[in-house]
Every structure is written in structure tokens, then in C-alpha cells.
Amino acid sequence: MSEMRTDRLVLRRWRESDLGPWAAMNADPEVREHLGDLLTREQCYSAVSQFQSEFDQRGYGWWAVELLATGEFIGFAGLDQVDDGMPFTGVEIGWRLARSAWGHGYATEAALAGLTFGFETLELPEILAVTTATNLRSQAVMRRIGMTRDPGDDFDDPTVPKGPLRRNVLYRIARDART
């Protein structure tokens with residue numbers, strides 16, 4: 001599926017016109033607060049190339065997110081395989097939005113579309129979500145979409161140096177738990 005629509009959003013394949021706003025987003029210290037270092041334009045372009053390649057291989061991945069009413073690019077959302085080396089396996093849901101898109105419910109709306117795709121189209125038995133222990137906004141989205149956390153699943157991300165971004169929380173939702 002190359003595109004999904006919600007009441008206010010379009011989740012779609014990436015376009016060249018997304019690269020500038022994507023790079024600007026990832027150069028924003030507030031957007032990157034729970035993610036680590038700011039990204040260069042080259043790193044952003046490389047990431048989009050990787051997103052497109054993975055999407056082509058699997059049929060799902062990180063969609064670009066735009067506002068339905070205006071066509072404005074506001075970030076990304078979607079599903080991805082959990083990285084190798086993590087203390088768990090599966091498919092995770094995630095999102096990253098430009099600061100101007102925060103506080104409007106767009107992350108929740110995009111995440112719900114991603115869950116529906118994951119459970120109904122991909123027939124996944126479970127979907128995971130990971131964020132830093134300090135990222136309370138993303139954890140709130142995870143709870144709003146019906147995910148739950150067992151503190152016993154919290155972990156130190158082995159790919160992150162010691163510091164405030166290393167401790168992570170893991171949320172889960174099973175297909176049969178959706179109402």
C-alpha cells in the first residue's frame with residue numbers, strides 16, 4: 001500500500017519535495033531532543049533513501065505524513081522491523097513530526113492508521129513502540145492508541161552512549177487487544 005488517508009492526514013511514499021522539510025525537521029534541537037544528535041542534510045537524504053528501499057522490499061515502512069487539507073509535509077509515521085541487537089524482536093510503530101505539527105493529535109491519528117495497517121493488512125499478532133524513558137509526549141501517544149507498558153521490559157539501548165537517552169521503555173499492543 002503506497003498511501004493511506006485519515007480524516008486529516010495522508011500517509012504516503014516519499015517525494016523529492018519532502019527532503020528539504022525533512023532535513024529542517026531533523027536540524028531542530030527540540031524535534032531531536034529524545035533522538036540524539038542533529039542530522040545533516042546528507043544524513044537525512046540517506047535515511048529517506050533507506051526508507052524507500054525498505055518499503056520496496058517489505059511493502060511497508062516509514063510513510064511521509066502530509067496534511068490532507070494543504071499537502072504540507074509534517075513528518076513521518078509507520079512501521080519498521082526492530083533493529084538487530086535489541087533485547088526483543090518484532091515490528092515497531094513510530095512517528096516524528098515537525099514542531100509546528102505538535103499538539104494537534106496528528107501523531108495519534110497517524111499511529112492509529114499504522115496500527116490498522118499492521119493488524120489488518122500485515123496481520124501482525126503484535127506491534128511494539130519504543131522511546132526514551134524521558135519522552136513523555138510519545139509515551140502519551142502510545143497509551144492513547146491502546147498500548148501498554150510493563151516496566152520489566154524497559155531496557156538500555158545498546159546503540160546509545162551512556163546518558164539520558166540510553167534508558168528506553170517498550171510498549172506493546174496485541175491484535176486481539178484492539179477494540
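Predicted model: local features only at pLDDT ≥ 70, side-chain atom pairs only at ≥ 80, totals over all residues.
Start with helix 1 and helix 2. Their axes come within 9 Å and cross at roughly 120°. That angle makes helix 1 oblique to helix 2. The crossing is right-handed. On the helix 1 side, the residues that meet helix 2 are Leu-19, Gly-20, Trp-22, Ala-23 and Asn-26. Helix 2 answers with Arg-41, Cys-44, Tyr-45, Ala-47, Val-48 and Phe-51.

Pick out Tyr-45 from that list. Tyr-45 belongs to helix 2 and takes part in the meeting with helix 1. Now look from Tyr-45 to Ala-110. The two are 65 residues apart along the chain, and their C-alpha atoms are separated by 22 Å.

Next, the charged pairs. How many salt bridges does the structure hold? There are 14. One of them lies between the side chains of Arg-58 and Asp-80, with an N to O distance of 2.8 Å. This pair links distant parts of the chain, since Arg-58 sits in helix 2 and Asp-80 in strand 4 (residues 73-81), 22 residues apart. The two partners have these accessibilities: Arg-58 is partly exposed at 27%, whereas Asp-80 is buried at 10%. Elsewhere, Arg-12, Arg-15, Asp-18 and Glu-66 form one network, joined by salt bridges that share partners.

A further salt bridge runs between the side chains of Arg-99 and Glu-30, at 3.2 Å from N to O. Arg-99 lies in the loop between strand 5 (91-97) and helix 3 (106-121), and Glu-30 in the loop between helix 1 (19-26) and helix 2 (41-58), so the pair ties together parts that are 69 residues apart in sequence. Arg-99 is partly exposed, at 38%. Glu-30 is partly exposed too, at 42%.

Glu-3 and Arg-5 also meet through their side chains, in a salt bridge of 3.0 Å from N to O. Glu-3 is partly exposed at 34% relative accessibility. Arg-5, at 56%, counts as exposed.

Now turn to helix 4 (residues 136-144). Which residues of this helix are buried? They include Ser-138, Gln-139, Ala-140, Val-141 and Met-142. What do the buried residues of helix 4 pack against? Their partners are strand 5, helix 3, strand 6, strand 7 (148-149) and strand 9 (167-174). Just after the helix comes Gly-146, with a positive phi of about 95°.

Strand 6 supplies the last stop. Thr-131 is found in this strand, which spans residues 126-132. The relative accessible area of Thr-131 is 8%, so the residue is buried. Its side chain makes a polar contact of 3.0 Å with the side chain of Asn-135. Beyond its neighbours within four places in sequence, Thr-131 is in contact with Ser-138, Gln-139 and Met-142, among others.

Key:
Residues numbered from 1 in each chain as written. Heavy atoms only, no water. Helix = DSSP H or I, 4+ residues; strand = E, 2+ residues; numbered from the N terminus. Buried < 20%, exposed > 50% of the residue type's maximum accessible area, 1.4 Å probe, protein only. Polar contact = N/O pair within 3.5 Å; in protein donor to acceptor, adjacent residues only side chain to side chain. Contact = heavy atoms within 4.5 Å. Salt bridge = Lys/Arg side-chain N within 4 Å of Asp/Glu carboxyl O. Axes fitted to C-alpha atoms, helices over the stretch in contact; angles between N-to-C directions. Parallel < 35°, antiparallel > 145°, perpendicular 65-115°, else oblique. Left-handed = near helix turned anticlockwise from the far one by under 90°.
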